[in-house]
Amino acid sequence: MLKDIIGAAFAVISIFFLLVVTPNFYTGAVQWARSESEAIANTRNLIDEVIDTRELTEDTLADFNIKMAALSEYYTCEIIRKVKVINPDPLNPGQTYTTYIIVDDISQYNQGDLIVVNVEQIGGNMYQNLARKLMGSAVQSDTITLCGRVR
Amino acid sequence: VYKFRILVIPIAALYWIVTILIFSKYSMDAYVVAQQYKLDIAINYATDAAVEEMVDATSDLKLDYGDYEYLACDPEVALDMFITVFLENYGMIDSEQNRTWITSKYLPCFVVAGYDGYYVAQPTKINDSGAYDVVFSLKQPYTYHSQIDDSVYSLNMGLQDAIRFSGSIVSQVDAPISESEVRTIINQTVSDTFMNTVYDQLEGSMMSTLYIPSDITNFTRTNPIDSTTVLAYITDIPVRYGTTIDSFGIGGSRVRHENFVGAYIKDGTKYYQYISILDTTEYDIIEVFENAKLAAEAGYEFDTSLLF
């Protein structure tokens, strides 16, 4: 009798894992992979637009934000503008050195500036979260950093 | 009915384990694919930045109509810029250590194809204590050996003239072959050199072969190497679980021929039109502008009547 109770409990737990947790796990991973490549494509579009037009308009940014919000995961992004600065080199008179300075104004760009977009995933999709709640499985996530030189 | 009861639990456990294994394989593949996509984009931005920076900063348009579309450039600038942008793409600091790390470990080949020759950069042994650094080769010409007059020609991207080496006589002549053949030879030379260098550096353990098509169309800007170009090959970038990925990037630039606009007064109105379609004997040109926007800013209007 005791043996049967243990067996039944084991069966219930197994069936729960197999039929409830694992599908969520799978679906979450598939959806994550799809969103990941979409997030990379969106980031790339943003950078392409900036390096071709030398400006980051409100419209471009809003478009980017809407596209990222339409994905099933939660992302936060940071846009950095690095201004190219050429100064005389104090160590070697007559020569120059190039350096990059991070500035707050990200709307206008000079030729030669770098734009760095850092997209970080701060939350998983629904299936990932379910699997995490039920089994404590890890939520797949990745940080996307892309950088382009303004033409 | 209960004959195989003892097998139920092992089969369920096995099923579970196999599912988890298949899942982790899929998850690994998905991650690698995403990283490959990211590397492709990163190397694309890096080569584009390299060629643009090189042309912007160091180009020297020799004002000599004998050298059509001549453009001299400094390949070191391209390599510098390539690594800067590549490091930024991976969120790494642009320090001397990181630069050396990239050039000595992950960049087996970096080729700059210029107007009349190409430079190849590859990690080269500097001393016996095992120091490696990327060193550019001397400028190599695009050579063509003609069977007809048994002399060697040095071709260039202007596609029109060439330098002939016949015995000890060096002379500047018209290109001995057609423009598309010149283009084919330039592409072949660069492609072969690139592949050979990669093959030498990786000692045959390449993950993939590259083929740069030599001549696809006669339309400009669609051929792989049509103008000043940077080619780079990045390999052995580690992604999760001991997998490595590699990628190849190509970036080109072009000398742009400006189409100036001329401004004139017709029937008391200020007009401008492109010089290429403007009959200069009919209209007295007052001013010449670099582009249409500057002419418009100066108060001239586009003359639509000349288009028809």
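The side chain of A:Arg81 reaches the backbone oxygen of A:Asp105 at 3.1 Å, and that of A:Gln108 at 2.9 Å. A polar contact here is a pair of N or O atoms within 3.5 Å; within protein, one atom must be able to donate a hydrogen and the other to accept it, and residues adjacent in sequence count only if both atoms are side-chain atoms. This is a predicted model in which local features need pLDDT of at least 70 and side-chain atom pairs count only at pLDDT 80 or more, while totals for chains, interfaces and linings use all residues. Residues are numbered from 1 along each chain as its sequence is written, chains are lettered from A and ligands numbered from 1 in the order in which they are written, and side-chain values use heavy atoms, with hydrogens and water left out.

**The setting of A:Arg81**

A:Arg81 is found in strand S1 of chain A. Helices (H or I, at least four residues) and strands (E, at least two) are DSSP runs, numbered from the N terminus. With a relative accessible area of 7%, A:Arg81 is buried; buried means under 20% relative accessible area, exposed over 50%, and partly exposed in between (1.4 Å probe, protein chains only). Neighbours within four places in sequence aside, the residues in contact with A:Arg81 include A:Ile101, A:Val103, A:Tyr109 and A:Leu114, where contact means heavy atoms within 4.5 Å.

**Chain A as a whole**

Chain A has three helices and four strands, in the order α-α-β-β-β-α-β from the N terminus. Its radius of gyration is 24 Å, well over the 15 Å that the globule rule gives for 151 residues, so chain A is more spread out than a compact globule. That radius is taken over C-alpha atoms, and the globule rule is 2.2 Å times the number of residues to the power 0.38. Along the principal axes, the C-alpha atoms of chain A fill a box of roughly 95 × 40 × 20 Å. Of the 151 residues, 39% count as buried. Among contacts in chain A between residues at least 6 apart in sequence, 72% join residues at least 24 apart.

**The interface with chain B**

The contact between the chains takes 35 residues from chain A and 30 residues from chain B. Together the two chains bury about 2,900 Å², 63% of it on carbon and sulfur atoms; buried area is the accessible area (1.4 Å probe) that two parts lose on being put together, summed over both. Five salt bridges are found across this interface, each being a side-chain nitrogen of Lys or Arg within 4 Å of a carboxyl oxygen of Asp or Glu. B:Glu52 forms a salt bridge with A:Arg151, with the closest N and O atoms 3.6 Å apart. There are also 10 residue pairs in polar contact between chain A and chain B, both residues at pLDDT 80 or more.

On chain A, helix H1 (2–53) and strands S1 (74–88), S3 (114–123) and S4 (143–149) each supply at least two residues of the side that touches chain B. The largest share of that side, 19 residues, comes from H1(A).

Most residues other than glycine have a negative phi.
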